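Take a walk through this model, one element at a time.

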Amino acid sequence: MMMYGDLAHEADPIIPPGHSSSGSLERLLRSRTFVVTTELDPPDSAQAEDVYRRARIFDGYVDAINATDGSGANCHMSSLAVCALLTRAGYSPVMQISCRDKNRLAIQGDILGGAAMGVSNILCLSGDGVQLGDHPQAKPVFDLDCMSLLQTGRKMRDDHMFQSGRKLTSAPKVFLGAAANPSALPFELHAQQLATQDERRPYVSKRSQIDISTQGFPRCCGKSQRLTFRVACTAIGKKNRSRGPVHPNSVLLRFTPLEAIHELH
Amino acid sequence: MYSVRRWSVRHARGIEIFYKGFEKVLVTLHPLWNAIGYERLEKPMAAVEKVVKGILFDCQMCGQCSLSSSGMSCPMNCPKTLRNGPCGGVRANGHCEVKPEMRCVWIEAYEGSQRMAEGKQAFKIVQLPVDSRLKGKSSWLQMARRSHQ
């Protein structure tokens with residue numbers, strides 16, 4: 001069993017100075033180490049063992065495990081539940097929150113619940129459109145979008161209040177992350193969107209974990225040199241999804257442009 | 001209508017100039033709106049707004065118009081109703097991942113905003129999440145009312 005130092009059983013874990021969470025992912029990113037995370041596809045099952053079986057494949061290879069939130073708009077075990085199971089076993093999970101299935105009440109409730117379960121990292125996503133998934137009849141919610149979700153998370157963490165302004169008795173100490181698809185066109189627009197997150201939310205940029213899911217990202221980096229995001233490389237194998245988690249060796253091979261990654265640091 | 005909507009984005013600068021004048025008129029007429037009563041005006045004004053903006057922008061009457069900061073491309077036409085830029089799923093040809101026949105609303109918005117004077121800066125403003133209580137209400141009247149509060 002891997003131990004990452006994200007301890008769910010500690011009521012008040014120590015947060016290092018300048019950090020927003022007690023999690024190991026933030027510590028590693030801030031220490032400018034090269035960080036590798038992976039995505040764990042939550043099972044279509046009600047068995048905790050199915051989650052652990054998928055997580056064990058990555059023992060020794062990754063620094064944190066992303067639990068997807070209905071990836072590709074397909075129904076799976078919830079991200080919150082997967083994260084709760086992973087923290088129990090000593091893993092360092094990243095809870096993905098997509099805006100597709102939940103309104104602001106449910107999302108804020110999940111942030112609180114996740115933090116209470118020992119989740120230290122939250123990745124804010126817009127989410128895939130329901131039309132592309134296995135339940136195209138479903139109602140797309142999109143009450144928030146990824147930017148307003150980041151804003152909400154930040155308000156809860158730093159200002160100790162819900163989006164409505166109502167006070168929290170205890171704020172979630174979480175490391176908030178955003179995602180970018182640097183190979184999506186047009187580059188200027190996506191780079192500007194990242195820069196907006198940077199300028200408008202200095203708290204995010206410095207604490208951000210950018211989820212690089214394609215090899216095309218160095219192209220974008222040239223256009224957004226002002227950005228000093230620290231990068232967590234996430235390996236996902238969309239094509240391999242049907243066959244379960246990607247084998248770690250093939251995961252690591254994906255990161256060929258290493259120089260480009262170092263330039264970013 | 002899709003082609004009209006795209007025309008509006010291509011003519012974002014002209015529409016911006018028109019809107020600026022129109023806003024002044026609406027704000028100046030506040031005493032008149034107040035005399036008639038904002039509540040009484042809500043329904044007819046919303047109906048007019050729906051028709052006009054429906055033709056020009058495929059307006060969805062969210063009640064919180066952000067056209068001036070989204071390059072005259074209505075973000076509510078995005079299948080995910082994203083109000084702060086595109087998602088990561090934009091296709092290589094700039095079309096939507098959910099509706100492949102439609103160009104990404106936010107790519108259109110970016111192009112539109114580049115044609116505008118104030119739209120370039122306004123494009124960078126982070127929009128608050130939609131207040132669903134305002135859905136179907138007239139954003140014109142709200143603008144007039146807000147400027148006198």
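**A strand covered on both faces**

Strand 1 of chain A is buried on both sides: Val35(A), Thr37(A) and Glu39(A) on one face, Val36(A), Thr38(A) and Leu40(A) on the other. Buried means under 20% relative accessible area, with over 50% exposed and partly exposed in between (1.4 Å probe, protein chains only). Strand 1 of chain A (residues 35–40) is largely enclosed by the rest of the structure, because 6 of its 6 residues are buried. Strands (E, at least two residues) and helices (H or I, at least four) are DSSP runs, numbered from the N terminus.

This is a predicted model: local features need pLDDT of at least 70, side-chain atom pairs count only at pLDDT 80 or more, and totals for chains, interfaces and linings use all residues. Residues are numbered from 1 along each chain as its sequence is written, chains are lettered from A and ligands numbered from 1 in the order written, and side-chain values use heavy atoms, without hydrogens and water.

Strand 1 of chain A runs parallel to strand 2 (residues 64–67) of chain A, joined by 4 bridges. Glu39(A) has Asn66(A) as its bridge partner there.

Now chain B. Arg5(B), Arg6(B), Val9(B) and Arg10(B) of helix 1 meet Val105(B), Glu108(B), Gly112(B) and Arg115(B) of helix 5. Contact means heavy atoms within 4.5 Å.

Last, the cysteines. The count is 0 disulfides over all chains, a disulfide being a pair of cysteine sulfur atoms within 2.5 Å. For Cys99(A), the nearest cysteine sulfur is that of Cys146(A), 6.8 Å away. Cys99(A) counts as buried because its relative accessibility is 0%.

Conventions. Two strands pair if DSSP finds at least two bridges between them.
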